[in-house]
Each structure stands twice: as structure tokens, then as C-alpha cells.
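This briefing goes through one protein chain, topic by topic. Look at the sequence and the model first, then read the points below.

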Amino acid sequence: MKILRNTILAAAMLTVGNIGINAQNDIIVGQYIHNQFAINPAFAGNREGLTFFVGGRKQWTDIENTPTSLLVSGHAPLRSNNLILGAQIWNQTIHQSSNFGAGLAIGYRFRVGEKSWIGMALQPGVSMKKTDWNKVKVIDEGDDIFSENTSNTTPLLAFGLTIYGQQYFLGISTTSLFVSDDFDKVDAEFAPADARYVATGGIIFGSETLKVQPSVMANYSKQYDMDAVGTITGIWKDFIWLDVAYSTYKELNIGMAVQALPQLRIAYNYSMTMGDLSGYNKGSHEISIQYDFVYKVKTVSRRFF
């Protein structure tokens with residue numbers, strides 16, 4: 001049985017996606033440095049106001065039916081500054097499949113010294129997937145595997161732990177403690193040992209004119225090998241961000257962001273495949289907008305993540 005090349009490439013993309021998230025929440029995100037909350041709910045409220053984020057990504061723009069994704073999120077500390085809340089919704093389509101999901105985060109943080117916080121959060125949610133097998137072209141038109149459409153709803157339970165200050169951050173999280181196998185159609189089970197875990201860390205240093213922020217993100221699960229992304233970001237006068245990232249799955253990311261207003265950041269990211277699939281595509285594009293609705297203008301966070 002042979003599936004068209006585009007379908008094979010699209011399926012491969014889910015395996016080497018930018019953050020390698022597990023099957024229950026396989027939204028592909030490249031600009032994690034501008035939205036840590038997308039991968040760790042404990043970062044809710046880290047900008048000390050209500051932060052709204054919307055980002056869209058088109059994977060492999062010159063190939064039909066490759067992933068197109070949209071992520072919308074909002075998070076904030078409550079007036080007490082210790083309780084944190086957040087929510088996000090996402091939608092991703094890839095050829096014959098679509099995945100819509102939502103999550104609501106609630107957590108607690110406390111100060112460590114004068115300028116740092118330790119935070120922890122849970123994010124229950126749900127993922128709803130639909131697959132239209134009629135869109136898959138096969139040689140054997142009578143194959144029962146492709147004779148009917150499928151859909152499933154899977155519970156999610158993300159967890160995050162972090163410590164951060166104005167100049168650094170560290171975090172570990174999992175996108176869901178419930179694990180299932182979509183291909184085997186096995187119901188989700190609470191299985192922390194089988195979940196995919198994500199660790200992030202970064203530090204910033206420099207002058208008022210030019211700052212440099214190295215950061216790293218690593219993914220691990222028992223089912224897949226560990227992969228990692230290293231990023232170097234340069235920040236000029238707290239106005240322009242330029243970053244370069246390279247991953248162990250051979251993808252180069254080049255990004256730029258502009259602090260158009262004190263509360264508004266616009267970012268663009270271009271991803272270039274460097275491995276065996278480089279000859280089959282001309283790259284991926286992602287754009288995002290982040291806006292901080294702060295309680296008082298003077299409380300706009302000086303954090304850069």
C-alpha cells in the first residue's frame with residue numbers, strides 16, 4: 001500500500017516537529033522563547049499582567065496539506081500575585097487530520113528573595129481529533145483501514161514547575177500526564193512515566209544597549225529519543241530581537257521580533273530543514289503577536305521571555 005509523498009512528508013513532520021510534543025497535543029510551535037506559557041503552565045502570570053498571545057504557523061509552505069496551526073492564549077496573576085491563571089486554545093490541520101484542543105491552567109507561585117518566583121501549575125484540558133481518510137489516496141481503494149472516518153476525544157492534564165526572575169528562567173513540564181496511542185486507538189491512561197517532558201532554561205546578560213540571551217529546550221520520553229533546541233538571542237535597546245536556533249533534529253530557526261509598543265511585541269520565525277528532508281521543502285513560517293494588558297502602565301515587566 002502506498003500513500004502519496006505529501007502525506008508521508010506531513011506525517012514525518014509530526015515526528016520532527018519544533019517542540020516534539022506528544023500525540024495528545026501535537027501543536028507545532030517554533031517561537032517558544034516568546035511564549036513560555038505555551039509549553040509550561042507554571043509560567044502563567046510571569047509578565048505581571050494579563051498577557052494575550054496569538055500565533056500562527058504554516059509548515060513547509062511549498063508542499064500541500066502540511067501542518068497549519070493556530071495558538072491563542074492568555075494568562076495573568078491575580079491581584080494577590082500568588083495565584084496564577086491561564087487558558088489556551090489551539091487548532092492544527094494536517095492533510096486528512098485536524099486537532100482542536102483547549103486547556104485551563106491554575107497555579108500558585110511564591111517569591112524567592114526580592115526578584116524571583118517559584119511557580120507550579122496544573123492545566124486540565126481536552127483534545128478533539130478528527131480524521132477524514134477519504135482524503136488519503138491509496139492504490140487499493142477497497143482497503144478497510146481507509147473506509148471510514150475516525151474521531152476521538154482525549155483528556156489532557158499538563159503540569160509545570162518553574163523558577164524565574166528578570167534575568168533568567170528554568171522550567172520543567174509535561175503537556176499531558178494522560179497518554180494514548182492514536183494509531184492503536186487505545187484510550188488515554190494516566191501514565192506519568194510514559195509522558196513527554198520538556199525542560200527549558202535561559203539567562204540574559206549585557207548592557208542597556210545590547211543584551212544576549214542563550215537558552216535551551218529539551219524533550220524526553222521513553223518512546224522517543226531525547227531532542228534539544230539551542231537558541232541565541234540578541235536584544236538591541238529592548239526594541240529589536242534577533243535569534244538563531246538549531247535543533248538536534250537538524251532544523252535551523254531564524255527569528256526577529258519588534259517591541260512596537262511598550263506592551264506590544266510582534267515576532268516572525270523562519271524554519272529551515274537541514275537534514276534528509278531539506279530537498280523536499282523551502283521552509284516554514286510563523287508569526288505571533290503578544291500584548292500585555294497591565295494593571296498599571298509602570299508595572300510592564302522587564303522580563304524578556
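Is tyrosine 164 buried or exposed? Tyrosine 164 is buried, because its relative accessible area is 0%, and buried means under 20%. The model is predicted. The points below cover aromatic pairs, salt bridges, a nonpolar surface patch, charges over rings, and some single residues in loops.

**Aromatic pairs**

- Four aromatic pairs are found when the whole structure is searched.
- One of them is stacked: phenylalanine 43 and tyrosine 164 have ring centres 5.8 Å apart, with 25 degrees between the planes.
- Phenylalanine 43 sits in the loop between helix 1 (5-15) and strand 1 (50-58), while tyrosine 164 belongs to strand 6, so this pair ties together parts 121 residues apart in sequence.
- Phenylalanine 43 has a relative accessible area of 0% and is therefore buried.
- Phenylalanine 43 also pairs with phenylalanine 169; the planes stand at 75 degrees with the centres 6.2 Å apart, so the pair is edge-to-face.
- This second pair also links distant parts of the chain, since phenylalanine 169 is in strand 7 and phenylalanine 43 is in the loop between helix 1 and strand 1, 126 residues apart.
- Phenylalanine 169 is buried, as is phenylalanine 43.
- Together, Phe43, Tyr164 and Phe169 make one aromatic cluster.

**Salt bridges**

- The structure has six salt bridges.
- One of them joins aspartate 292 and arginine 47, whose closest N and O atoms are 2.9 Å apart.
- Aspartate 292 is in strand 17 and arginine 47 is in the loop between helix 1 and strand 1, so the bridge ties together parts 245 residues apart in sequence.
- Aspartate 292 and arginine 47 are both buried.
- Another salt bridge is formed by the side chains of arginine 57 and glutamate 286, at 2.8 Å from N to O.
- Arginine 57 is in strand 1 and glutamate 286 in strand 17, and the two are 229 residues apart, so that distant parts of the chain are linked.
- Arginine 57 counts as buried because its relative accessibility is 3%; glutamate 286, with a relative accessible area of 5%, is buried too.
- Aspartate 238 and lysine 211 also meet through their side chains in a salt bridge, at 2.9 Å from N to O.
- That bridge connects the loop between strand 13 and strand 14, where aspartate 238 lies, with lysine 211 in strand 12 (residues 210-220), 27 residues away.
- Lysine 211 is buried, because its relative accessible area is 8%.

**Nonpolar surface patch**

- At least two patch residues come from each of strand 3 (83-94), strand 4 (97-112), strand 5 (116-131) and strand 6 (150-164).
- Strand 4 gives the largest share, four residues.
- Isoleucine 172 is part of strand 7 (residues 168-174) and counts as partly exposed because its relative accessibility is 41%.

**Charges over rings**

- Arginine 109 lies over the face of tryptophan 117, 3.7 Å from the ring centre.
- Arginine 265 is placed over the face of tryptophan 241, at 4.3 Å from the ring centre.

- Lysine 237, although not a glycine, has a positive phi of about 55 degrees.
- Lysine 237 is in the loop between strand 13 (227-236) and strand 14 (240-247), and it counts as partly exposed because its relative accessibility is 49%.
- Aspartate 238 also has a positive phi, near 55 degrees, and is a residue other than glycine.
- Aspartate 238 is buried, because its relative accessible area is 17%.
- Serine 176 belongs to the loop between strand 7 and strand 8 (178-181) and is buried, because its relative accessibility is 0%.
- A polar atom of the serine 176 side chain is 3.0 Å from the backbone oxygen of phenylalanine 178.
- Asparagine 281 is in the loop between strand 16 (264-273) and strand 17 (284-293), and it is buried, because its relative accessible area is 9%.
- The C-alpha atom of asparagine 281 is 5.6 Å from that of tryptophan 60, although the two residues are 221 residues apart along the chain.

Technical notes
Residues numbered from 1 in each chain as written. Predicted model: local features only at pLDDT ≥ 70, side-chain atom pairs only at ≥ 80, totals over all residues. Heavy atoms only, no water. Buried < 20%, exposed > 50% of the residue type's maximum accessible area, 1.4 Å probe, protein only. Phe/Tyr/Trp six-rings, centres within 6.5 Å; stacked < 30°, edge-to-face > 60°. Lys NZ or Arg CZ within 6 Å of the ring centre and 35° of its normal. Polar contact = N/O pair within 3.5 Å; in protein donor to acceptor, adjacent residues only side chain to side chain. Salt bridge = Lys/Arg side-chain N within 4 Å of Asp/Glu carboxyl O.
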